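Welcome! Please take a moment to look over the sequence and the model below, and then we will walk through them together.

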Amino acid sequence: MSRVDHAVLAKDFLALEANAEFHDRRLWELRIKRDQQMAMIPEWQELRDRASAIKEHTLSNLDRYLEEFEANAQRNGVNVHWARDAAEHNAIVHRVLSERGVRTLVKSKSMLTEECEMRPYLEERGITVIETDLGERIQQLDDEPPSHIVIPAVHKLRGDVSKVFARTIGSEPGNEDIHYLAKSQRDDTRPYFLNAEAGMTGGNFIVAETGAVVTVTNEGNADLSANVPKLYIASVGIEKLVPRLADLAIFIRLLSRSAIGSPISQYTSHFRKPREGGEMHVVLVDNGRSDRLGMADFWTSLKCIRCGACMNTCPVYRRSGGLSYRAVYAGPIGAIIDPTFDLRKYSELPFASTMNGSCTEVCPVKINIHEQIYTWRRVIAEQRQLPFVKREAMRIAGRIFASPKLYRLALKLQRLAANGLPRFAIYTMLNPWGHHREVPAPPAQTFNAWYRANRKARDEQS
Amino acid sequence: MSSRELILKTIRRNRPAIDAPLPTPIPFTTAPVTMALIEQFRTALAIYGGKTLELPAGMSVQALIDELYPERPALCSATREIVGSHPIPAVNRPQELATIEIGVTRAAFGVAETGSVFLSETELQVNALGYLVQHLIILLDPAVMLETLQEAYARPEFRTAGYAVLMTGPSATADIEGVLIRGAQGVRSLTVILCPRAG
Ligand code: SF4
């Protein structure tokens, strides 16, 4: 994958002046509303401390709590599946659906299924997947990923939505009335709820103590997806665990206040058992999370509850739009977790930050976001000179193999090198065509050691 | 090795070796239900466009609902206190509720902090009743008004219900330009009627 050039892509977004201006203003409004909610809760900082402590406790005992969750869910009659990566997740979901002859799946918004690129996978296999959240549906119909983890189409204006709907669901061309547009989508989506054979949601939390999957939504679409069709599947990342209901209360108090400046969302729903005559499945997805747990500088990013507050407050995110990150997760949280998925592709993202620290300040689970951004910059800066060395070495090798004279010289030098001539001396001597610029500083690791390590890291990612 | 084993093994290898005890839950006291608590509930629910009505003295809930909807639309009630045009035991598939105008049920309790009501399959009987109908009426005994979410999560219902929802207002969206629309995919209005359980 080629490197995402965030700065260039952000310029494209800024060229849409009206969109860019609205985007900045709307997200800042949410930040202000969040501050107002915070001011009304005297124990706000204590809640953040607790939320952070609960997550750190849970993550450092994640194996035990996952087993507890699984046992309780199974006792409740839920089928629990484990998926190592995106491919396995998609295969599990497809198997469950196809074994039951499902042709249409209605689903609520889930960043995890975006992460797994589940929709195209299922659609290629003949299953119609309908996003039922208004913002997510707009993005699906426009063939774009969500640009914000809470408000998927926040980068679009009513005119954009009107065009998408006129083109795809037959709304009146030119009608830009927001009530009309929302109603058009509601009316278009309703029959899917009634006819789909399966429904799917993500999960904001899962509770070990009760085996519950918890969704926090406002449109009613998650509850319709789970409560109308007979078959219900929930896909959740393994980091979404909380031990007890008492802990859940803390997160529910923090989540909507942080996300949209609202005391709670319309529907805080807890799914524990299949409905009578129905079926419930939970897919627990790793997809890199257990590896991230071992990254000393970055594991606390797993505390994230995906509230989006760090995005709303980030001046760079607000002014560049989520799509410019070309990643499932944009904004400050994206800058610290996207590189764990693909360091090369996302190596620019940690630089898309002013380091003002406001992300860290608003984060309800107290992730040191801006410090992690800084640490990523160091990691990337260190790695960056390595590909340069690698490039040069390859180029030199190419010339050597192409020239019998140089090849013989190289062999001689290699023997010399074996007798103690430092490596960089060989490069210097073999590099007469490169004297116009400085020879790269010798890497701490030898090229081969680096190459092996790097290869391994990439193989594991792919 | 199964994926389950592999994931657990990787977690065991990678989990941070830190001493992070689980905080003891925040203690709470149960406040007596006062007018102020009811007002707090009403104000909180109003943020979400939910209405809270008192039952006028001497009036039955049935009479109040008939007054609210004099045109007698298709109504399905999950509480025996209200007789509707469509008895809930006759509902075979949740999809059938899509043609119903009004759903009625009684909540197990309310939460003043957020203006929420608790519903589960016990209260809804058919869970989709809370979502597929156009308007929802929820009866709530003011005596079971809790103060905080912390208190709500200590209720036994969360440990027994197969499906449990803290419902706060009608469905809504602000996904287009932040403009608030009540009636997204679920119900378009929500009315809470404060009244003790009849009979
Ligand atoms: S990092 Fe913190 S602020 Fe950002 S989305 Fe996650 S929980 Fe919210």
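Let us begin with the ligand, which sits in the largest cavity. Here a cavity is a set of points, on a 1 Å grid over the protein atoms alone, where a 1.4 Å probe fits but cannot get out, and a molecule sits in one if more than half of its atoms lie within 2 Å of its grid points. Before going further, please note that this is a predicted model, in which local features need pLDDT of at least 70 and side-chain atom pairs count only at pLDDT 80 or more, while totals for chains, interfaces and linings use all residues. Residues are numbered from 1 along each chain as its sequence is written, chains are lettered from A and ligands numbered from 1 in the order in which they are written, and side-chain values use heavy atoms, with hydrogens and water left out.

Who surrounds the ligand? The residues around it include A:C304, A:R306, A:C307, A:C310 and A:C363, where being near means having a heavy atom within 4 Å. This shell divides into 10 nonpolar residues, one polar and one charged (Ala, Val, Leu, Ile, Met, Phe, Trp, Tyr, Cys and Pro count as nonpolar, Asp, Glu, Lys and Arg as charged, and the others, Gly among them, as polar).

You will find A:R306 in the loop between α13 and α14 (309-313) of chain A; helices (H or I, at least four residues) and strands (E, at least two) are DSSP runs, numbered from the N terminus. With 12% relative accessibility, A:R306 counts as buried, a word for under 20% relative accessible area with a 1.4 Å probe and protein chains only. Its phi is near 55°, a positive value in a residue other than glycine. Most residues other than glycine have a negative phi. A:N287 also has a positive phi, near 45°, and lies in the loop between β10 (279-285) and α13 (289-292).

Next, turn to A:S225, in helix α11 (residues 221-227). Is A:S225 buried or exposed? A:S225 is buried, with a relative accessible area of 0%. Beyond its neighbours within four places in sequence, A:S225 is in contact (heavy atoms within 4.5 Å) with residues including A:V106, A:T132, A:F193 and A:M200.

Finally, step back to the whole chain. Chain A has 21 helices and 10 strands, and of its 462 residues, 59% count as buried. Among its contacts with a separation of 6 or more, 74% join residues 24 or more positions apart.

Definitions and conventions. 1 Å grid on protein atoms, 1.4 Å probe; cavity = no way out; pocket = protein on both sides within 12 Å on 5 of 7 lines; lining within 4 Å. Buried < 20%, exposed > 50% of the residue type's maximum accessible area, 1.4 Å probe, protein only.
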